[in-house]
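The following questions and answers examine a structural model. Please consult the sequence and the coordinates while reading.

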Number of protein chains: 2
Amino acid sequence: MKPEPATTTLPTRVLMGPGPSDVSRRVLAALARPTLGHLDPAYLEVMDDTARLLRAVFRTANRLTLAVPGTGSAGMEACVAGLVEEGDEVIVGVCGFFGNRLAEMAERHGARVHRVEAPWGETIDPGDIERALAAHPSVRLVGIVHAETSTGAHQPLEEISAVAHAAGALLLVDAVTSLGCVELEVDGWRVDACYSCSQKGLSCPPGLAPVTLSPDAEAKIRGRSAPADSWYLDLTLLSRYWGGERLYHHTASSNLGVALREALLMVSEEGLEARWARHRRHHLGLRAGLAAIGLGYIPRRSLPNLNAVHVPAGVDEAAVRRQLLDRHGIEIGAGLGPLRGRAWRIGLMGESCIAGNVVAVLAGLESILEEMGLPITPGAAVSAAGKVLATT
Amino acid sequence: MKPEPATTTLPTRVLMGPGPSDVSRRVLAALARPTLGHLDPAYLEVMDDTARLLRAVFRTANRLTLAVPGTGSAGMEACVAGLVEEGDEVIVGVCGFFGNRLAEMAERHGARVHRVEAPWGETIDPGDIERALAAHPSVRLVGIVHAETSTGAHQPLEEISAVAHAAGALLLVDAVTSLGCVELEVDGWRVDACYSCSQKGLSCPPGLAPVTLSPDAEAKIRGRSAPADSWYLDLTLLSRYWGGERLYHHTASSNLGVALREALLMVSEEGLEARWARHRRHHLGLRAGLAAIGLGYIPRRSLPNLNAVHVPAGVDEAAVRRQLLDRHGIEIGAGLGPLRGRAWRIGLMGESCIAGNVVAVLAGLESILEEMGLPITPGAAVSAAGKVLATT
């Protein structure tokens with residue numbers, strides 16, 4: 001008989017994939033505090049702190065700001081199930097896996113979806129959204145992915161927000177991979193609904209999805225003719241638990257909630273703008289290192305925190321990832337959809353975004369690719385990255 | 001300006017409400033292991049272990065056995081969204097808050113629900129289910145709550161299973177408050193779909209919902225004419241991530257997953273039947289103590305692990321709970337729905353189910369009620385409980 005598994009022998013990884021990112025000892029310690037009841041007065045204070053800290057990181061004054069009890073895709077579904085009614089016409093920008101997920105989810109919740117597409121790796125042209133709005137004047141919701149996790153593309157939002165609002169539509173933004181890493185201005189850019197996750201830019205364990213809704217989006221949800229399709233992800237019910245009423249809805253995972261508050265305190269202590277700058281700085285170092293060993297970026301406008309690069313011709317991408325994991329303890333991500341087998345996605349998010357990790361992943365890639373026979377000058381990548389990191 | 005909150009000053013409670021229950025240091029340590037990626041080979045092994053250990057605790061050989069990424073109500077919604085199609089006729093037994101939630105959720109997912117009711121505190125008469133099935137021959141699904149968390153009533157399932165299957169219906173069981181505490185035989189009793197939670201009988205933090213489906217229930221889900229209303233809680237998609245295919249669906253909360261495996265290992269080490277016996281034994285002690293201070297049970301057939309008692313006339317129930325919490329550090333639960341203000345719900349679940357807690361909650365109640373002027377003999381409850389605990 002196989003012996004029972006021992007948790008103490010689980011490996012410790014350096015998380016440099018598309019998420020989760022590394023979680024600090026401080027947040028792990030918060031996670032492991034003795035469990036509190038979901039209606040304990042001490043936990044209700046934790047929730048209030050969390051809502052306040054989330055408003056700061058979303059840059060919003062929105063009342064309805066909370067953590068949905070699930071991952072980023074649960075946040076997506078909570079927003080979609082709330083904002084879409086049967087038969088609604090919706091425009092969704094699709095240039096990667098998660099834009100496609102957003103479009104499919106809107107369809108599952110009864111929307112007639114008009115997809116505005118761009119090739120994987122590109123971003124959506126605001127002019128295309130404007131033309132789609134003109135062609136479909138009943139559209140009252142435009143959905144767009146700020147940080148396309150599958151391609152690393154960084155979507156500008158301000159122009160899209162302007163054309164959406166000019167047409168009387170609300171703007172729904174997927175910030176799963178951007179929140180806490182790159183500039184995002186929910187109020188400044190007039191984003192009406194925005195969802196993210198706990199485990200990337202915020203460096204909290206997975207399991208919670210920060211969500212914020214503007215007063216207009218809240219009014220849309222309150223004015224629905226029928227309740228949302230999903231009970232568990234119904235923002236109306238969730239907001240009654242998060243608000244003053246404290247109406248029991250679900251048994252909140254208080255351990256995750258306490259951990260999220262701690263992760264948000266760490267963002268606040270660092271300063272949001274300093275955090276954005278840290279992500280840019282390390283991205284430039286990584287980028288220089290990757291260039292030195294011939295690894296080119298897939299997107300034209302890359303996110304700093306998610307670096308998607310082409311796998312060199314003839315290289316078994318899964319074997320490289322497996323060796324990085326087994327020999328170096330570093331996790332990076334594979335390609336999704338049409339990029340399967342053709343891309344690596346290297347995350348530099350939150351706690352994982354430090355110089356030591358930039359150097360470690362480059363050193364690992366250098367040695368593995370050289371061993372596979374690629375024309376690599378040992379030390380070239382690390383040296384190129386080091387020069388940039390020393391001067392920025 | 002208010003100082004930032006300090007996680008280190010959060011209180012430590014004794015959790016004796018309707019859930020969550022206390023979590024052992026061993027499970028909290030597993031929770032706080034460095035985060036693993038949701039596709040890390042080491043984490044995929046954790047998932048396989050979890051599925052195997054869940055089969056043992058559900059007493060089933062069902063292939064489709066997994067943890068839904070949400071609380072018990074997410075497990076409920078995953079089962080309902082999968083098993084109910086628009087217009088399906090469904091029978092639901094309702095004798096408390098959670099039977100009602102199950103009926104409402106089925107309605108939200110398009111079912112025509114026939115409620116078979118009993119007063120709060122009672123259990124559902126299998127004869128009433130049989131008559132409802134005869135009256136509504138198109139019904140192919142019967143939903144019933146095994147442990148009604150709002151009243152503490154313990155529903156026998158075997159006869160209901162027999163009448164449901166005789167009519168060609170599947171049986172859906174809510175085991176949120178029973179799994180790991182009282183006898184439950186998924187295969188032996190022919191339960192087709194069963195959902196529970198992580199934070200009660202299993203003493204893991206909240207945030208995961210164990211679910212198991214029989215081959216017949218799985219066939220029903222595979223044969224749907226349209227996908228489930230919920231994407232996040234779609235058992236078809238979830239089972240492709242838990243199965244050999246490992247298809248990416250959501251970023252699993254690996255910290256919660258590792259903790260759940262550890263909690264299930266502890267159940268396995270104790271032995272499931274020994275665990276059921278432990279819950280019965282401490283229940284008898286608590287019951288004797290409550291009787292000694294005149295606190296009578298609400299349900300006729302009480303669960304051992306959830307003890308719902310009447311609040312004495314004239315007593316401010318919330319004040320008593322608050323004093324138990326503030327002075328004694330013990331959380332117990334309030335009444336829900338029609339029992340609001342009229343019931344206390346005292347949990348003895350998993351790690352919380354120990355003699356020391358039985359004595360502590362009785363001592364606390366004695367002192368608070370005596371101070372409020374009730375005719376209590378100091379020590380009577382503790383002494384009565386002690387006698388029973390010493391002899392069982």
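This is a predicted model: local features need pLDDT of at least 70, side-chain atom pairs count only at pLDDT 80 or more; totals for chains, interfaces and linings use all residues.

**Helix, strands and chain contact**

Q: How far apart are the end C-alpha atoms of helix α12 (residues 355-371) of chain B, given 1.5 Å a residue?
A: The helix has 17 residues, and at 1.5 Å a residue these should span 24 Å. The separation in the model agrees with that expectation, the end C-alpha atoms being apart by 24 Å.

Q: Which elements of chain B do the buried residues of α12(B) pack against?
A: The buried residues of α12(B) include Val358(B), Val361(B), Leu362(B) and Leu365(B). Gly364(B) and Glu366(B) are also among them. The buried residues pack against β1 (14-15), α10 (272-292), α11 (317-328), β12 (330-331), β14 (343-347) and α13 (380-391) of chain B.

Q: In β9(B), which residue is the bridge partner of Leu172(B)?
A: β8(B) pairs with strand β5 (residues 141-145) of chain B in the parallel sense over five bridges, and Val142(B) stands opposite Leu171(B). Three bridges also join β8(B) to strand β9 (residues 193-195) of chain B, and these two run parallel. In β9(B), the bridge partner of Leu172(B) is Ala193(B).

Q: Which strands stand at the edges of the open sheet of chain A?
A: Three strands form this sheet in the order β11-β14-β13, with antiparallel pairing. Two of them have a single partner strand each, so one side of each is left without a neighbour in the sheet; these are β11 (306-310) and β13 (333-334) of chain A.

Q: Which residue in β14(A) stands opposite Val309(A)?
A: β11(A) and strand β14 (residues 343-347) of chain A pair in the antiparallel sense over five bridges. Within β14(A), the residue opposite Val309(A) is Trp344(A).

Q: Which helix gives the most to the side of chain A that touches chain B?
A: The contact takes 57 residues from chain A and 57 residues from chain B. Helices that each supply at least two residues of the chain A side include α1 (25-31), α2 (41-58) and α9 (254-270). The greatest contribution, seven residues, comes from α9(A).

Q: What relation do chain A and chain B have?
A: A rotation of 180° with 0.0 Å of shift along its axis superposes chain A on chain B, with RMSD 0.0 Å. That is the relation of a two-fold axis.

Definitions and conventions
Residues are numbered from 1 along each chain as its sequence is written. Chains are lettered from A and ligands numbered from 1 in the order in which they are written. Helices (H or I, at least four residues) and strands (E, at least two) are DSSP runs, numbered from the N terminus. The expected span of a helix is 1.5 Å times one less than its number of residues. A residue is buried if 20 or more other C-beta atoms lie within 10 Å of its own, exposed if 12 or fewer, and partly exposed in between; C-beta atoms are placed from the backbone. Two residues are in contact if their C-beta atoms, placed from the backbone, lie within 7 Å. Copies are superposed by least squares on the C-alpha atoms of residues with pLDDT of at least 70 in both. Two strands pair if DSSP finds at least two bridges between them.
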